[in-house]
Amino acid sequence: MVEINASGTYYKELNQKVREAVEKGEKEIVLKNVNGQYYIGDGLRGSSTIVIEGVPGNDLAAFMDGPTLRIKSNAQDNISNTMNSGKVIVEGNAGDVLGYGMRGGKLHIRGDVGYRVGIHMKGNKKQTPTIVVGGTAGDFFGEYMAGGVLILLGLDSTGPLVGDYLGTGMHGGTIFVRGEVDKKLCGAEVGILDLDDDDQKVLKDALTDYCKDFGLKLEDIMKKGFKKLIPVSSRPYGNLYAY
Amino acid sequence: MFKSLAPPEYLATIDREKCIRCKRCIQNCGWGVYSWGGDKILIDTFKCVKCLRCYHYCPEEAIEIKDNPTKFKQNAYWSFNNIRNIKKQAETGGIPLTGMGSDMPYPILFDNLLIDACQVTNPSIDPVREPMELRTYLGKKPSNIKVEKTKDGKLKLSEPMPPQIKLDLPIIFSPMSYGSISLNAQKVLATAAKASGIVMNTGEGGLHEDLFPYKGNIIVQVASGRFGVNPEYLNAGVAVEIKIGQGAKPGIGGHLPGEKIPLEVARTRMIPVGTDAISPAPQHDIYSIEDLRQLIYAIKETTNYKPVSVKIAAVHNVAAIASGVVRAGADIVYIDGFRGGTGAAPSIIRDHLGIPIEHALAAVDDRLRQEGIRNEASIIAAGGIRSSADVAKAIALGADAVGIGTAALITMGCTTCGKCYTGNCSWGITTQRPELTARLDPEVYAERLTNLIRAWSHELKEILGALGINSIESLRGNRERLRGVGLDSFTLDILGVKPAGR
Amino acid sequence: MNHNYQKDISGCGLTGLISRKRRRISGSEIVKSLCLMTDRGNGLGAGYAAYGIYPEFKDFYAFHIMYDEPSVKRSVEEYLKANYHIEKIEEIPTRAVKAIPISPMLVRYFVSPLKEKLSGDQQETDFVVNTVMKVNSEIDGAYIFSSGKNMGAFKGVGNPSEIAEFFRIDEYEGYIWTAHTRFPTNTPGWWGGAHPFTLLDWSIVHNGEISSYGINKRYLEMYGYKLTLLTDTEVAAYLLDLLIRRHGLSIPVACLALASPFWKNIDQRDAGEKEVLTALRQTYGSALLNGPFSILFGHSNGLVGINDRIKLRPLVAAVKDDVTYMASEESAIRAICPQPEKVWAPRAGEPVIVNLED
């Protein structure tokens, strides 16, 4: 294990140190006193685990391809932007536009998230990007979703579970929501269905891993029922254009 | 189904006496205009787009494609297209689409600018037998450099230069994605770029493995759909381009429907076969200029600081936007004028949004100079470059290089018919239908495109020679060597060009 | 600066000399040399610059100013008094010359900037440059045509001998001299348009038209230079000021930027040199002087001659004892130095750099 004190360090220098540690083959890297440094884990490959103490800056784990990041506090916007593989665990809340264009890997958030989470997530071949949100989510959850799995739990939350325009522009992938979903909040493309056996397996596999990360019990979460949201029209814009 | 009241634009006709019924027209037409009627070729002229594929492949020269003489009553205000579009919209309730750059008769400023030549007071230079340099480097330049002397008296740079992209002449191939054009068309671009010492741009559709050998001549693009983007992709080329907008459809996204996404396109875009490929209008991690800075540096962190280009459409406030882009850390600003091409755009957008590249380029170059940051980024001007004269004029107005798209496609057979969005291109360019793409032999057409670049290179040298300068950097931003004809004083002021005669 | 200007075009002849040992040489020598080339001009402009001519005021900036009328003189002097300590004001001595019936008012000032007027860490030289830019671009009818220390420019409309006679050039003694006869192709009439062109200690005489003028001008404007004369010479002077004084490039390196080698040549150099030359062209492409030129530029420590990179304008150099001569024609040198030890024609783009001994 190696510790890097990030106090007062500009992102360029901090990320250079992290890259060097990963290249040296360090399995666990702890970043102390992080506050606002951008781009931690960007484009990083390998299988290291990086523990971040303090609030990391935007674009955490953008283009990341392998490592695991555990953030001990809240995190900001644009986590897992176009991420390819690996895992990001946020113990607190996180901001807007999470998992934009994410193609693989996992993003586990214990608390609430902001607007446009899971926007334009994609699956590809064997890659199934997965985002699990423990708390609530803002508007445009799963906008343009093209693949992958997006799970919203609403654990111990007080406010509304999810905002408006849920899954607007959705044309692939699956959203699982714990509790009931108001059709009025959904995009025109979205259908609300009950889960079949395959869905149950996907959901349980994802949540088992999620529970492990945060010391939660799967059966507590599963006490409440889930709804499945998928695109029901394959060509929602078919009549938009005159040829 | 009633017959459309929007009359056909063209009449495909066959001289029945010359026709030998070889059916080559049926094979060649991607639009299904021709069919076999048992004893003769049948014609559905409503489908004809005048791409002339059939004309070129008819061995008897029996085919003629005429503009439909049956027009609506002539009206100086209500054009044929106005009326036709209304009828189509009334029939479908949809948005009429189009391909290519706008063909509307807005003034073409390039055609109102003339280039200087030397007479007596300074000499012209023989460009064929004396040195004439077109080499151009794209990228951020420091305002000044420090040179020190080593112990053995040799010169040495105190600090390394920022990374630069070397071009043998100031032209690049504009971004056109695999998906919007065929893989063979991209191969033509890549091969010709390598042979010509310039670069092509992948567009937003990812990088197909067949193009890996051309990595040194490729800029990879990141757009709102993030197709095919991973760390390997970002590091594959000589630079990364963030596409914010496109001249033909500023502020508008893209949508490649699932049925146009066969296996190879899907693989390259890293999405499942048959799923829609949506490029949202904005990049959803960029809602403000500081967000652009964030993405630029996320890419730089991932690529160990390769140059980052930012492509924007020429819109009203382009000078301020470009200044922000440069201050956000872009090494290259790519400005696409409203005449710029597209695979598919609503015609209402293409024909009515944005501004011409000439105005935009002049305004951006001026603004960056006023702010003392012109060296911070190179400018690529694109959107309707038709000839080496347009290239020279754009460079004199202030561009470091120009992007050409349509001109490159024309070397592959394109006749600017404007129906790219149908996916039926009979020349195998803007289609993924295997029987059509197979027609575009990458080797044959790469040679033609390379020929075009060589020809323009010779022409540029002739222009420089006439101007009495032997290096392209002395033309760059040298508006003193341009004069305007028939331009009002406001326009001249924006262009920073004197009227002819002064 | 508005783009809608009328550029000044002229051909010409030039000559210069330097005594490395700081021996002060009479102005009559350079006049003799220049007058041999009278046919390279057309009588519509000539001028001289000399270094070492004001030893008693060597610590003061010598402003040579031409005025169209007395009221302008008053406003410029008010400005100078507010910003400078003025050691001395005097009319520039002239003789009556038949061919020069009218001339502007010509006054010289020996000044130093008031310390309290310098903002923050502003250099004295920047302050002086700002004054020159301000007066020349903002005050109609006033023109500072010389602003260096222990040096001065003398120029006007007339042929070389007339201008020399008028300014009493034979009465000055300097260790560096440059001179110029002009062939303007547009309407004559303005004394400021003649060469040498100067800024601080830089003085330039120049032959040929710089075809890259438009971009050189816009490049300089980005760095705050105001180009008022619309001549190529002005561009060359400001480029030297920018590259050498402000960017800290050495004179040989600055010459490599202004008349850079061709890429073909650069590509053949060893890695280190190739890197430097490539970086110079990438960074200073807009400063490249393209088109025909030969230039002599004097500065407080020496004299440099350089011509364009494909030798479209002539330049000849010669050495005798401690004096180096450079001129458009060999005969102009031989007119004052009949038996030089060495005569040569510098290669295209290769500067002749001569420094004063300490």
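**Ground rules.** I'm working with a predicted model, where local features need pLDDT of at least 70, side-chain atom pairs count only at pLDDT 80 or more, and totals for chains, interfaces and linings use all residues. Residues are numbered from 1 along each chain as its sequence is written, while chains are lettered from A and ligands numbered from 1 in the order written.

Buried residues make up 56% of chain B (buried takes 20 or more other C-beta atoms within 10 Å of a residue's own, with C-beta atoms placed from the backbone).

**Who touches whom.** I count a contact when two residues' C-beta atoms, placed from the backbone, lie within 7 Å. Of the 2 pairs of chains that touch, B and C have the most contacts. Chains A and C share no contact, and their closest C-alpha atoms lie 25 Å apart.

**B against A.** I find 31 residues of chain B in contact with 39 of chain A. H7(B) gives the most to chain B's side, with 5 residues.

**Across the boundary.** I also checked strands: S12 (residues 241–242) of chain A pairs with S5(B) in the parallel sense over 2 bridges (pairing needs at least two DSSP bridges). Tyr241(A) stands opposite Ile95(B) there.

Methods
Helices (H or I, at least four residues) and strands (E, at least two) are DSSP runs, numbered from the N terminus. A residue is buried if 20 or more other C-beta atoms lie within 10 Å of its own, exposed if 12 or fewer, and partly exposed in between; C-beta atoms are placed from the backbone.
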